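Please work through each task before turning to its solution.

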Amino acid sequence: MMGETAGRSLRADAERSVRAILEAAERVLAEDPGASMEQIAAAAGVARTTIHRRFANRQALIEALASSAARQLARAVDDGRPDTAPPLVAMHRITANVLQVKSAWAFALELPADPDGEAAALHQDIARRCVAVLKRAQDDRLIDGAADLDWVRRVYYALIGESLRGNADGADPDTLATRIIDTLLHGAGPRA
């Protein structure tokens, strides 16, 4: 029994170390993409050897960072209840959640994903789920029946990206989500 408790405690410590390293890597690499493992270790408050124990090399750290951020993005989509919430509610929730994750993990989410890696698979699944929500919205006549949903998804992604880059007024994620969904569904034309 004592060994199990020690094992769980060690795993929890290891998980906290990895989380601290990944959070530090996001901050440090966002400021300086060429930062060293030593700089990341210092920012994480761990020894350089701790990083090397967890990640074989810089590329392994980068891949873990990309995968971790993609998993958080996938959870943000899940938390929006894409399969069960009414489509408009799901779209708003997912958008607000995604904005929060993307603003916190901007560097990691911009990394080119290894086509055979976990991050790429997660991004493909997120895109598939996005189209499924858009299809539900189309079925509810929120989106034109003739609209190319993959194109709508790409426009939606672009609106999210532009919102994050151009948020000069410091709007909160819910306000930005409302703007994004309103623009996606109604465009910029006058209202009837």
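A residue counts as buried under 20% relative accessible area, as exposed over 50%, and as partly exposed in between, with a 1.4 Å probe and protein chains only. The model is predicted, so that local features need pLDDT of at least 70 and side-chain atom pairs count only at pLDDT 80 or more, while totals for chains, interfaces and linings use all residues. Residues are numbered from 1 along each chain as its sequence is written, and side-chain values use heavy atoms, with hydrogens and water left out.

**Exercise 1.** Describe the salt bridge of Asp78 with Arg129 and its surroundings.

Solution. Begin with the criterion, a side-chain nitrogen of Lys or Arg within 4 Å of a carboxyl oxygen of Asp or Glu; by this rule the count comes to eight salt bridges. For Asp78 and Arg129, the closest N and O atoms are 2.2 Å apart. This pair links distant parts of the chain, since Asp78 belongs to helix α4 (residues 58-79) and Arg129 to helix α7 (residues 118-139), 51 residues apart; helices here are DSSP runs (H or I, at least four residues), numbered from the N terminus. Finally, Asp83 joins Asp78 and Arg129 in a network of salt bridges.

**Exercise 2.** Determine where Asp150 and Arg153 lie and how their side chains pair.

Solution. Both residues lie in helix α8, three residues apart, which is about one turn of the helix. Asp150 and Arg153 form a salt bridge whose closest N and O atoms are 2.9 Å apart. Asp150 is partly exposed at 35% relative accessible area, while Arg153 is buried at 13%. Glu162 and Arg165 also both lie in helix α8, three residues apart, and their side chains meet in a salt bridge at 3.0 Å, N to O; Arg165 counts as exposed, with 61% relative accessibility.

**Exercise 3.** Characterise the packing of α5 against α9.

Solution. The axes of α5 (residues 87-104) and α9 (residues 173-186) come within 8 Å and cross at roughly 130 degrees. That angle makes α5 oblique to α9, because angles under 35 degrees count as roughly parallel, over 145 as roughly antiparallel, 65 to 115 as roughly perpendicular and the rest as oblique. Then list the contacts (heavy atoms within 4.5 Å): residues of α5 including Leu88, Met91 and Leu99 meet residues of α9, among them Leu176, Ile180 and Leu184.

Notes. Axes fitted to C-alpha atoms, helices over the stretch in contact; angles between N-to-C directions. Helix = DSSP H or I, 4+ residues; strand = E, 2+ residues; numbered from the N terminus.
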